Amino acid sequence: MPRSLPARRALLRATLPAAVTASLVLVPLPGAVATPSAGAVIAEVYGGGGNSGATLKNDFIELANPSGAAFGLAGHSVQYLPGSPGASSKWGVTPLSGTVAAGARYLVAEAAGTGGTVGLPTADATGSLALSATTGTIALVNGTEALTCKTAADCAADPRVVDLVGFGTAVVHEGSGAAPGASNSTSVARASSLADTDDNAADFQAGEPTPVNSKGETAPGDGSGGGDTGPTEPGPVRVHDIQGATRLSPMAGKTVVGVPGIVTGIRTYGTKGFWIQDPNPDADPATSEGVFVYTGGTGPAVKVGDSVLVTAKVTEYYPNSSGGSQSLTELAGPKTTVVSSNNQVPAAVVLDGSAVPAAYAPDAAGGSIESLPLRPGTYALDLYESLEGMNVEVRDVPVTQASNSYHELWVNAREQDPRSSRGGSVYLGYDQQNAGRLMVQSLGQAADFPAADVGDRLTGATGGPLDYTKFGGYAVQATRLGTVRSGGLEREVTPAGLPSELTIGTYNVENLDPGDPDEKFAELAAGIVTNLRSPDILALEEVQDDNGPVNDGTVTAGATVTKFVEAIKAAGGPAYDWRSVDPVNGKDGGEPGGNIRQVFLFNPDRVSFTDIPGGDSTTAVEVTGTGKRTSLTASPGRIDPADEAWNSSRKPLVGQFKFHNKPVFVIANHFNSKGGDQGLDSRFQAPTRSSEVQRVKQAEVERAFVAKLLAADPGARVVSLGDFNDYQFSPALQTLTKGGVLRDLVNELPASERYSYVYQGNSQVLDHILVSPAFKPQQTRYDVVHINSEFATQASDHDPQVVRVKP
């Protein structure tokens, strides 16, 4: 996968590895601006509990976590300051404990009044703060000691403040103004998207209080809404009214009563809940008839086929708000009544080449497409949104990304999308997103999920509710799975090189360190010996230091490389020698503590390494001499390691070799990751590829270095290779090849063979081998050796490459 994303594409909100900031827009505005919250925000504040005219007996503060990871509250507190604090005013404190689960709520009950008729749902924390019904400031604080700030500026400067909301006439607030005033019968609540622009006036609105606890309960009970707590008659609102004809519900933030539907699927893990679908659709193809009902920690108390009535709050949930994901319209804090059971589930919508448009998404010039009317007959993303939560089905479809241990695989429902030579969906341009790609996830037991490789077919019918996943892409939450028919995919073996040919390969070995199982070393070694036929020179990427992710300052990698070299020998390969440059601790990105770097392996029986002293982690290698005397000033060395282009990224490793007494300059690369990029399926179209800027800078630095070599010797034999984390049509690769300084060999393969990596069902290029003009096309034989990316069992997530050249 692109190195930007976690190696694990976990989809369960409660088990994701890292918190994602809840702030969607970070705009410096006047007033108090808390440090952007790392996974939790204040979602709602109500101070009228028990007052005259109030229904609820207690004041409350509700937190929410729009991120992908649980947010720990140990040592945190919520604090309250009057709207117009005087000299004697002090912040009141309610300590917190536990966590706010990913995508969940957390309810803090505060002081009770003498009135009201309805108690809060079971609170997750309880305090005694008597909030004003009309004005005040609430802060989520990393600490339990009372704040001392009483002005917007002072509170903005306090690093303990995680989030802050001033409402009514509050002096202390975030941004241009306070949130609206509340009352005995109204609260102030963040918009359903939970967007945090650090401007209270923009982010909050007044409305009916809707307290929700961590179990998803909105009234005392078990969260299922059973018994006499659920609705008894259908209300006026239907699912298609909730979904609307755009990506956002026109009823977001409102409570809907007695919404009817048939249960079509149940999720009892992670984001617990169930899908309902109205069996009586309207005539508008843009309005979905299905919706997810989020029940929270207790899970749903319904069965597939139940006819239900649901009373709940309409919310918009962004599985990855910082990554520009689509939103999911959900019903939260439900009270549910089962009217009858064993009903027929509404018929599935079949997704195939006749239904899925070729065009992927509307273009809003980089802006949001959320407000645009859906055009399901024109754009694939609009079609999938118009079917969100509905029962869909694919039939006899090719597998375009292998199954994994998390019971996921990708298929392509649109047979017209371009296919790779081995059965995948090949990605050939930013305007060719392969519209038919869909993930399949199992809602059943692990044993139900098939093992599949790219090129297999998922025969029969596979179907269930259509969902949107944490890491992007629409997914069929399969309640029924087809059968895998093998496509007979085999791991490739590259042709043998001739004795007169120098063979040079590249392989991303995916965070290799001595603590990895011996089996990983053996599998990688077998791939090098058997499938790559033991290249004379091999550039490795993602070699970690000698204790892997242990972050103790270790930077040497001798133990890692030695263990790997021994594994290659055990597999029947040569006794490789090696060269590398240790990075500065913590400066090259990758897994914290791992200190990944590139390493040259070379077969001393076939090629010699020209050792030139002076190369280290911070010294820039230069070019000296001219013509046949052209040389590096250090070998191995690093290309301009102090340039800002390499900040938090791997610096290119360059080495000088000799083959048949002729010099060859080899550059091993691992460009920066795609972290921060918006996905192909982003709600912002065209998506922003922010990481691309740094890769272009890296390409400019490297191209300038290669130009120095060619200026000294126009016939210099230069090979630049590795994991460039970018496509052959990207600006970075276009920069590297500008003016013919280097030639990207992947472009000389048939279009159907241009890939080294599979991500979200797209077979795509991240790894490259480029050569200088001295290597004529007739002197180069290039091969991407497909042994990993298409298989359910992988030694690495990248395919290696090799080129055979005649200097």
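Me: Which element gives the largest share of the lining of the largest cavity?

Reply: First the idea. Rolling a probe the size of a water molecule over the atoms shows where empty space is left. Now the case, in what is a predicted model. β16 gives the largest share of the lining, 4 residues. The cavity itself has a volume of about 160 Å³. Of its 17 lining residues, the closest to the centre are Gly 103, Arg 105, Tyr 294, Thr 315 and Ala 332. β2 (58-64), β16 (307-317) and β17 (328-340) each give two or more residues to the lining.

Me: What classes of residue make up that lining?

Reply: The lining has 7 nonpolar, 4 polar and 6 charged residues.

Me: How many residues does the largest nonpolar core have?

Reply: Look for buried nonpolar residues joined through side-chain atoms. Here the largest such core has 36 residues. Leu 351, Tyr 384, Leu 438 and Leu 466 have the most contacts inside it. Elements supplying at least two residues include α4 (380-386), β20 (391-401), β23 (437-442) and β24 (457-468). Take Leu 438 as an entry point. Among the residues that Leu 438 touches are Leu 351, Tyr 384, Trp 410, Leu 466 and Val 476. Another core, of 28 residues, lies apart from the largest one. Val 607, Phe 657, Val 664 and Val 666 are among its members.

Me: What span should helix α7 have, and how far apart are its ends?

Reply: Count 1.5 Å a residue. The 21 residues of α7 (692-712) should therefore span 30 Å, and the end C-alpha atoms are 30 Å apart, which agrees. Next, check burial. Buried residues of α7 include Val 696, Val 701, Phe 705, Leu 709 and Leu 710. Their cover includes β35 (653-659), β36 (662-670) and α8 (731-736).

Me: Is Asp 640 buried or partly exposed?

Reply: Asp 640 has 31% relative accessibility, so it counts as partly exposed. His 407, at 28%, is partly exposed.

How values were computed
Residues are numbered from 1 along each chain as its sequence is written. This is a predicted model: local features need pLDDT of at least 70, side-chain atom pairs count only at pLDDT 80 or more; totals for chains, interfaces and linings use all residues. Side-chain values use heavy atoms; hydrogens and water are left out. On a 1 Å grid over the protein atoms alone, a cavity is a set of points where a 1.4 Å probe fits but cannot get out, and a pocket is an open set with protein on both sides within 12 Å along at least five of seven lines; lining residues have an atom within 4 Å of a point. Grid points are joined across faces, edges and corners, and a volume is the space filled by probe spheres set on the points. Ala, Val, Leu, Ile, Met, Phe, Trp, Tyr, Cys and Pro count as nonpolar, Asp, Glu, Lys and Arg as charged, and the others, Gly among them, as polar. A nonpolar core is a set of buried Ala, Val, Leu, Ile, Met, Phe, Trp, Tyr and Cys residues joined through side-chain atoms within 4.5 Å. Buried means under 20% relative accessible area, exposed over 50%, partly exposed in between (1.4 Å probe, protein chains only). Contact means heavy atoms within 4.5 Å. The expected span of a helix is 1.5 Å times one less than its number of residues. Lists of a residue's contacts leave out its neighbours within four places in sequence.
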